[in-house]
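Open the model in your viewer, keep the sequence panel beside it, and follow the stops below in order.

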Amino acid sequence: MEKKNRNILSVRDLQVQVRTKEGSSTLVQNINFDIKKGEILGLVGESGSGKTVTSMSVLQLHDRKSMDITGSITLHDRELNGLENKEMRKIRGKDIAFIMQNPMNAFTPVFTIGHQFIETIRSHTSLKNKQAKDLATDMMESVNLPDPDKLLKKYPFQLSGGMLQRVMIAMAACLKPSVIIADEPTTALDLHSQLLVLRLLDKIRSKYGTSILLISHDLGVISEMADNVIVMKQGRIVETANVYELFDNPQHEYTKKLLRTRPTLYSQKQPYTYML
Ligand SMILES: Nc1ncnc2c1ncn2[C@@H]1O[C@H](COP(=O)(O)OP(=O)(O)OP(=O)(O)O)[C@@H](O)[C@H]1O
Ligand SMILES: [Mg+2]
């Protein structure tokens with residue numbers, strides 16, 4: 001049985017450098033964090049602070065010809081950094097799923113949602129077409145998508161951003177990955193869809209014990225969702241804390257500034273209402 005406090009994902013001394021004609025430049029450095037089973041780790045920081053570069057490193061999605069990734073990234077004690085693409089493809093989607101900021105980019109425009117959903121399932125399992133379709137339909141129902149059979153026949157452009165985001169979450173959750181990396185999963189959405197998506201992520205975490213790395217600009221989202229938070233600035237982590245500590249007693253000047261300038265999450269009944 002899995003030990004309760006075990007780290008599922010650990011990152012140690014991660015550094016990412018990009019090689020250019022003028023020499024190499026460091027995008028992120030000294031990145032260290034752990035995520036335990038069922039934990040949501042929030043990652044905040046201003047635009048350009050290195051949040052996406054960090055998450056792409058965990059997923060090993062950087063182009064190795066131009067990027068150097070050093071340090072260690074372990075998933076269930078298995079080293080991912082430097083793993084062959086073929087091996088990494090088996091892990092991505094199955095053990096670590098990725099929810100992207102722009103759902104339109106996550107789908108190919110020329111295939112139906114059903115085709116893409118079923119292919120994703122089949123590429124990681126031995127399920128037959130019909131079984132994969134049933135799993136897709138079940139997952140879509142569990143994320144409250146209406147009429148899954150009809151939706152599976154549609155093309156990505158026929159769905160709204162909020163619907164596509166929910167399909168992407170259903171796809172991310174359907175193979176019960178240990179970790180979901182959600183990079184700004186709600187930024188492109190209206191308030192109602194934002195809430196739906198956040199509730200879904202929380203439901204997936206509690207139902208399957210999924211660990212989630214939740215990247216967001218929005219401190220309101222982080223305060224609602226995260227157990228622990230890391231704050232990034234200019235490619236480095238400037239503060240790591242439990243969510244309550246961070247909001248009640250921020251240590252770093254930059255975190256204090258972020259908190260002062262945040263749109264305030266005002267009441268439990270009206271989450272994400274911005275104080276004037
Ligand atoms: N492929 C790349 N080649 C060169 N530089 C890059 C590359 N990808 C990102 N960068 C640079 O790395 C830095 C961090 O970018 P990153 O996308 O991680 O920021 P971010 O924190 O995700 O910002 P945002 O909140 O806007 O999404 C930026 O200065 C960016 O220009
Ligand atoms: Mg980003």
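**Stop one: a parallel and an antiparallel partner**

Select Val 44 and look across to strand S9, where its bridge partner is Val 231. This is a predicted model, in which local features need pLDDT of at least 70 and side-chain atom pairs count only at pLDDT 80 or more, while totals for chains, interfaces and linings use all residues. Residues are numbered from 1 along each chain as its sequence is written, chains are lettered from A and ligands numbered from 1 in the order in which they are written, and side-chain values use heavy atoms, with hydrogens and water left out.

Helices (H or I, at least four residues) and strands (E, at least two) are DSSP runs numbered from the N terminus, and two strands pair if DSSP finds at least two bridges between them. Colour residues 40-45, strand S3, and residues 228-233, strand S9, which pair in the parallel sense over five bridges. Strand S10 (residues 236-242) runs antiparallel to S9, and six bridges join the two. In the hairpin of S9 and S10, two residues lie between the strands, and Gln 234 takes a positive phi near 45°.

**Stop two: the open sheet**

Next, show the four strands of an open sheet, whose order is S2-S1-S4-S5 and whose pairing is antiparallel. Its edge strands are S2 (23-36) and S5 (78-79), each of which pairs on one side only. Within this sheet, S1 (residues 7-20) and S4 (residues 67-75) pair over eight bridges in the antiparallel sense, and one residue pair to pick out is Gln 17 with its bridge partner in S4, Asp 68.

Then centre on Met 67, which is found in strand S4. Is Met 67 buried or exposed? Met 67 counts as buried because its relative accessibility is 15%, where buried means under 20% relative accessible area, exposed over 50% and partly exposed in between (1.4 Å probe, protein chains only). Leaving aside residues up to four places away in sequence, Met 67 touches Val 16, Gln 17, Val 18, Arg 19, Leu 27 and His 62, a contact being heavy atoms within 4.5 Å. The C-alpha atoms of Met 67 and Gln 17 are separated by 5.6 Å, although these residues are 50 apart along the chain.

**Stop three: helix H4 and the largest pocket**

Move to H4 (113-124), whose 12 residues reach 17 Å from first C-alpha to last, close to the 16 Å expected at 1.5 Å a residue; the expected span is 1.5 Å times one less than the number of residues. Its buried residues include Phe 117, Ile 118 and Ile 121, and the buried residues of H4 pack against H2, H3, H5, H6 and H7.

H4 also gives the most to the lining of the largest pocket, with five residues. Of the 21 residues that line this pocket, select Gly 93, Phe 98, Ala 106, Thr 120 and Met 171, which lie nearest its centre. Strand S6 (96-99) and helix H7 (161-174) are among the elements that each supply at least two lining residues. On a 1 Å grid over the protein atoms alone, a pocket is an open set of points with protein on both sides within 12 Å along at least five of seven lines, a cavity is a set of points where a 1.4 Å probe fits but cannot get out, and lining residues have an atom within 4 Å of a point.

**Stop four: the largest cavity**

Finally, select Met 139, Ser 142, Val 143, Leu 200, Lys 203, Ile 204, Lys 207 and Tyr 208, which line the largest cavity. Helix H8 (191-208) and H5 each supply at least two residues of this lining, and H8 gives the most, with five.
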